[in-house]
Amino acid sequence: GTQLDRRPENTASLQASRRLGQHRLHLAWQLASARFEQDETRRLSGYGRFDLADTFSFGDGWSLRGKIDNVFDKRYVLATSSGVPFAVPGRQFMLTLSYAH
């Protein structure tokens, strides 16, 4: 059958977490093959993306999480409008302070 618009034929992901003392490290790698738009007339390239996070637990119930999405600032296109790519975030940084009682 025909491949659905904007849906890659193949995808893969790998995630790993490891606790090291008060840290929990998390790695994620996502891969997607090429996909098509508009009844297979416009090809969108495949891509790979790598994310990294660390959660540091301290005190009684406190934690600090740092996360970097798209570590290598990979430029990729998920969809277009009249051939113009929709904006996809580049590298993003997040920092979260949490308390659980």
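What does the accessible surface of the chain come to, and what percentage of it belongs to carbon and sulfur atoms? I looked this up first. The accessible surface comes to about 7,300 Å², and 54% of that surface belongs to carbon and sulfur atoms. Accessible areas come from the Shrake-Rupley method with a 1.4 Å probe, and for residues only the protein chains shown count as cover.

**Entry: basis of the notes**

I note that this is a predicted model, in which local features need pLDDT of at least 70 and side-chain atom pairs count only at pLDDT 80 or more, while totals for chains, interfaces and linings use all residues. Residues are numbered from 1 along each chain as its sequence is written, and side-chain values use heavy atoms, with hydrogens and water left out.

**Entry: the chain as a whole**

I looked up the secondary structure and found zero helices and nine strands. Helices (H or I, at least four residues) and strands (E, at least two) are DSSP runs, numbered from the N terminus. Read from the N terminus on, the elements run β-β-β-β-β-β-β-β-β. The radius of gyration is 18 Å, well over the 13 Å that the globule rule gives for 101 residues, so the chain is more spread out than a compact globule. That radius is taken over C-alpha atoms, and the globule rule is 2.2 Å times the number of residues to the power 0.38. I also recorded the span of the C-alpha trace along its principal axes, which is about 55 × 25 × 25 Å.

Of the 101 residues in the chain, 20% are buried. Buried means under 20% relative accessible area, exposed over 50%, and partly exposed in between (1.4 Å probe, protein chains only). I then turned to contacts, where contact means heavy atoms within 4.5 Å. Among the contacts with a separation of 6 or more, 45% are accounted for by residues 24 or more positions apart.

For the charges, I found 14 positive and 10 negative, with mean positions 5 Å apart. Lys and Arg count as positive and Asp and Glu as negative, whereas His and the chain ends are not counted. The place of a charge is taken as NZ of Lys, CZ of Arg, CG of Asp or CD of Glu.

Which strand holds Asp69? I located Asp69 in strand S6, residues 62-69. Asp69 counts as buried because its relative accessibility is 8%. Not counting residues up to four places away in sequence, Asp69 touches Arg49, Phe50, Asp51, Gly90, Arg91, Gln92 and Met94.

Met94 is partly exposed, with a relative accessible area of 35%. Leaving aside neighbours within four places in sequence, I listed Arg65, Gly66, Lys67 and Asp69 as the contacts of Met94. Met94 and Lys67 are 27 residues apart along the chain, and their C-alpha atoms are separated by 5.1 Å.

**Entry: the loop between S6 and S7**

I next examined Asn70, which lies in the loop between S6 and strand S7 (80-81). Is Asn70 buried or exposed? At 1% relative accessibility, Asn70 counts as buried. Its phi is near 60°, a positive value in a residue other than glycine.

Asp73 is found in the loop between S6 and S7. Asp73 has a positive phi of about 55°, although it is not a glycine. With a relative accessible area of 24%, Asp73 is partly exposed.

Lys74 lies in the loop between S6 and S7, and at 37% relative accessibility Lys74 counts as partly exposed. Apart from neighbours within four places in sequence, Lys74 is in contact with Tyr47 and Gly48. I noted that Lys74 and Gly48 are 26 residues apart in sequence and 7.6 Å apart in space, C-alpha to C-alpha.

**Entry: aromatic pairs**

How many aromatic pairs does the structure hold? I found four aromatic pairs. One of them joins Phe56 and Phe58, which are stacked at 5.7 Å centre to centre with 20° between the planes. Rings of Phe, Tyr and Trp (its six-membered ring) pair if their centres lie within 6.5 Å; planes under 30 degrees apart count as stacked, over 60 as edge-to-face and the rest as tilted. Phe56 counts as partly exposed at 28% relative accessibility, and Phe58 counts as partly exposed at 31%.
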